[in-house]
Amino acid sequence: MPSSNTLEFLLFSGEYNAVLERTAASQALSEMPAMVGALALSGRLDEAESAFARLTGTSGVDPEFLAQARFFVVAGLCHAGRIPRALRVAQETLPQVRGGDSRRRFWACQGFALIRYFQGRFHLARRFARRALNAAIECAFPYARFLALDLCAHISVQTGEVFAGLRLMEQAQALADALGYQANAATLRVMRTVYELRFLVRPVDEAIQRATQTLDSEGVSYFGRRNGLIELANMQTLRGHFAAAQETLESARRIALPGNDRRGKTRWALAMALYAALVQGEGAEHLEVARASGSEELMLQAELAFVEAVFFPELARAHSEEIAKLAVRTGIQRARVAATFATQAPIANTLGVEDGLSRALLQCHERSEPARRVQSIVETGLLGLLPWALGRAPSQRIVVTASSVLSETSRGITLAELPSRPSLRVLFALREGYQSRERLLESIWGITRFVPQRHVPVLHTAVSRLRVALGDGEWVLTLDDGYSLASDVEVLDLGGLHVPGAPATSPPPPPSDAERVLEYLRNNSNSSSSDVATALSISASAALRLLRRLTEEGEVTRQGGGRSTRYSLAPPKEAS
């Protein structure tokens, strides 16, 4: 193993900036392979190719150094989506795939494995990756073994063997830690977290939290941060955290779009298409951008097919035959899922699908009733799928199920337990338009003689509980003598809870005298006992007794003394 102070060690450990600092003013040929690798793997491809051209044009270069530098250029080109160029660079190493020095055979096989992986031709990628692993073991080259294990892990994950792939990634990470390659170990931790997020290995909220913490940590590589932010934005969109997704997409845009990073551009456009579909009811233009930039790579085509088939079914029908062929050609699990949606093929047993997001989408898709589809997304926590599950365009919407209420806006979708039955009756009444207080009390509680001091507190409580259940936003508007929903709010009752006609409950008991005092002081602070007695039509002594008791209980505060005594509601108690 190289010394921890050598350029080779810094390169193998992923310390690309340190390599570039050491080689910035150097023209030594011995340092060129490390510099080429650091430039290529940090996304500076034009510089990497220029340095590699100088290396190949110089006589007397160690063939193993040249093979190593060539591999890193191929790797950088693959990560940027420039696959045809990567293939041309790798062609000269084809004879080394079949024999010769085992280290050079490793670099050649690993390069072709990467190219086939990014092309989406996974059966070939797996074959080359296994050859690379054998060569690494043969020449006792630990860094090479780490790279081959890592690639085998990615291949397994993409083809649907998610858990086996994650275990291989753990082995590669353990090897990187043992070799002292801390930056590479950190990159693998990021990729494992990204895959756990993308394939919903963990509950969605836990996956989002872990990914956010990992991406905020130091040592995250350029490609790792780009991939991580795009996957995080996707999952925030699917979770219904639309405002957070928009911020993450903007952060990803600054990484993915500059320069010649074709993969970054394609995957960012797909993330934008998903966001636009679920938040705005559009997004086809983003699909076309992704289709143009990802046309040369089967893996990107598979990702496009997945988003298109699930969320843009009308567009996918025009490409259903191509999507079905893509699934067979690549073996990518999400391409197979896309083919199921695009061709409307019968859904096989979804329990064997290790990709948690695909499994959730398939299970929801096979349920025809909107109520069952919505219940499915509630169970998985993917609330952002609400308009998709309903088969409706995004909207300002309140959806009531048998056990919960979902509130949808362009900033996000929230879930809450059902409020009280009277609160639901208020919601269903307001669905019909503006309702006066008298009308609400009559239709919900059967109260025909409206006494404001007695009955307004009851209605106020029901409306307050409804607002809590609906979450942030101006859902229920208070008018001079009644209530209404905000304009353009759609209310859906999927739980069959609205039963028109008779009152939902028996008329409530009138509020107690103490409750009436508190309600009066809520709107009339700094009142005397005689003010309270007059307003509530009770004796002065009864009012004074009530006020003293409420003061002792901490519900009311008292200021002044004698005839100047005044009473007000006590401020809310702070939570301990």
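Predicted model: local features only at pLDDT ≥ 70, side-chain atom pairs only at ≥ 80, totals over all residues.
## The whole chain

Let's start with the big picture. The protein chain contains 30 helices and nine strands. Its radius of gyration is 32 Å, whereas the globule rule gives 25 Å for 576 residues, so the chain is more spread out than a compact globule. If you draw a box around the C-alpha atoms along the principal axes, the box comes to roughly 110 × 55 × 35 Å.

How much of the chain is buried? Buried residues account for 55% of the 576 residues. The accessible surface is about 25500 Å², and carbon and sulfur atoms supply 49% of that surface.

Contacts tell you about folding back along the sequence. Take the contacts between residues at least 6 apart in sequence: 58% of these join residues at least 24 apart.

## Strands side by side

Now look at how some of the strands pair. Strand S1 (residues 396–400) and strand S7 run parallel, with five bridges joining them. Within this pair, Gln 396 stands opposite Val 489 of S7. S7 itself covers residues 489–493 and is mostly covered, with four of its five residues buried.

Strand S2 (residues 404–409) and strand S3 (residues 412–417) give you an antiparallel example, joined by six bridges. The link from S2 to S3 is a hairpin of two residues. Which residue of S3 is the bridge partner of Glu 408? That partner is Ile 413.

## A three-stranded sheet

Another group to find on screen is an open sheet of three strands, in the order S4-S6-S5, with antiparallel pairing. Strand S4 (435–436) and strand S5 (476–478) are the edge strands, since each pairs on one side only.

## Two residues with positive phi

Most residues other than glycine have a negative phi. Two residues here are worth a look with that in mind. Leu 200 is not a glycine, yet its phi is positive, at about 45°. You will find Leu 200 in the loop between helix H12 (182–198) and helix H13 (204–215).

Asp 488 is not a glycine either, and its phi is positive at about 65°. Asp 488 sits in the loop between strand S6 (482–485) and S7.

Asp 488 has a relative accessible area of 69%, which is over 50%, so Asp 488 counts as exposed.

## A buried threonine

Finally, visit Thr 330, which belongs to helix H20 (residues 320–330). With a relative accessible area of 3%, Thr 330 is buried. Which residues does Thr 330 contact, leaving aside its neighbours within four places in sequence? They are Gly 120, Phe 122, Leu 298 and Ala 335.

Thr 330 and Leu 124 are 206 residues apart in sequence, while their C-alpha atoms are 9.7 Å apart in space.

Conventions: Residues numbered from 1 in each chain as written. Heavy atoms only, no water. Rg over C-alpha atoms; globule rule 2.2 N^0.38 Å. Buried < 20%, exposed > 50% of the residue type's maximum accessible area, 1.4 Å probe, protein only. Contact = heavy atoms within 4.5 Å. Areas by Shrake-Rupley, 256 points an atom, 1.4 Å probe, with all protein chains shown as cover. Pairing = 2+ DSSP bridges.
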